[in-house]
Amino acid sequence: MDALILARHGESELSVRGLTNGDPAQACGLTEAGREQARRLGGLLAAERLDLCVTSAFARTQETAELALEGRDVPRLVIPELNDIRFGDFEALAFDEYRTWARSASPTDAPPGEGESRADCVARYAQGFRALLARPERIALVVIHGLPIRYVLNALDGRPPQPVLDQVPYAEPFRLSAEALETALTELESWAAAPAWP
């Protein structure tokens, strides 16, 4: 892999209502605005060489990829390690409720009800991105979730994971070299090995 274009999915039916969705079995497609965002992403990438399109296991990432790549023959690959964080008992509740909990929780605390800690989530994302970097294709579009993208972008800016992160815009492309992603992953793996909030 030489380069990657990271993009968050378009606006989804639950995100527009401010609700969490960390369970890929929960049906949640794009809104009409989200579909338009996905088509706009496709326009932005029309002239780009793409050898592979990676998504998570979520319908909203796959629908975004389908619309963005409409009419193009780009192989698809699902990497479940790049799925959204598991919210446990906060699943399908107000995202603000989860954020309130997250502000007071340590990085190794997991939400009740089989939720996932931020430390475990960061380690899982690093594993998923490592699998992607090992692929033979040169350039990949990676349509995933805001959280893994934000972790990578912040790591490149020298900012470790924090309890609450800024949102990533819907369906906006972020171009990274494989070397830049490698640098970010090294930082994230180091943090996940001894997680602490800054």
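**Notebook: contacts, cores and backbone of a predicted chain**

I began with L4, which touches L132, L133, A140, V142, F174, R175, L176, S177, A178 and L181, leaving aside residues up to four places away in sequence. I took contact to mean heavy atoms within 4.5 Å. The model is predicted, so I note its conditions here: local features need pLDDT of at least 70, side-chain atom pairs count only at pLDDT 80 or more, and totals for chains, interfaces and linings use all residues. Residues are numbered from 1 along each chain as its sequence is written, and side-chain values use heavy atoms, with hydrogens and water left out.

**Entry: cores**

I then looked up the largest nonpolar core and found 41 residues in it. L4, L6, L82, F129, L132, V142 and V152 have the most contacts inside this core. Two or more residues come from each of β1 (3-8), β2 (52-55), α3 (95-104), α4 (118-133), β4 (139-144), α5 (146-156) and α6 (178-193). A second, separate core has 14 residues, including L50, A65, A68 and L69. For the record, a nonpolar core is a set of buried Ala, Val, Leu, Ile, Met, Phe, Trp, Tyr and Cys residues joined through side-chain atoms within 4.5 Å. Buried means under 20% relative accessible area, exposed over 50%, and partly exposed in between, with a 1.4 Å probe and protein chains only.

**Entry: the chain as a whole**

I listed six helices and five strands in the protein chain. Their order from the N terminus is β-α-β-α-β-α-α-β-α-β-α. The radius of gyration is 16 Å, close to the 16 Å given by the globule rule for 198 residues, so the chain is as compact as a globular protein of that length. That radius is taken over C-alpha atoms, and the rule is 2.2 Å times the number of residues to the power 0.38. Helices (H or I, at least four residues) and strands (E, at least two) are DSSP runs, numbered from the N terminus.

Along the principal axes, the C-alpha atoms fill a box of roughly 45 × 35 × 25 Å. Buried residues make up 50% of the 198 residues. Of the contacts between residues at least 6 apart in sequence, 75% join residues at least 24 apart. The accessible surface comes to about 8,700 Å², and 50% of it belongs to carbon and sulfur atoms. Such areas come from the Shrake-Rupley method with a 1.4 Å probe; for residues, only the protein chains shown count as cover.

**Entry: helix α5**

I next examined α5, where nine of the 11 residues are buried, so this helix is largely enclosed by the rest of the structure. The buried residues are G146, P148, I149, R150, Y151, V152, L153, N154 and A155. They pack against β1, α4, β4, β5 (174-177) and α6. L153 has 15% relative accessibility. After α5 comes G158, whose phi is positive, near 80°.

**Entry: positive phi**

Most residues other than glycine have a negative phi. E114 lies in the loop between α3 and α4 and is exposed, at a relative accessible area of 73%. A171 lies in the loop between α5 and β5 and is buried, at 0% relative accessibility.
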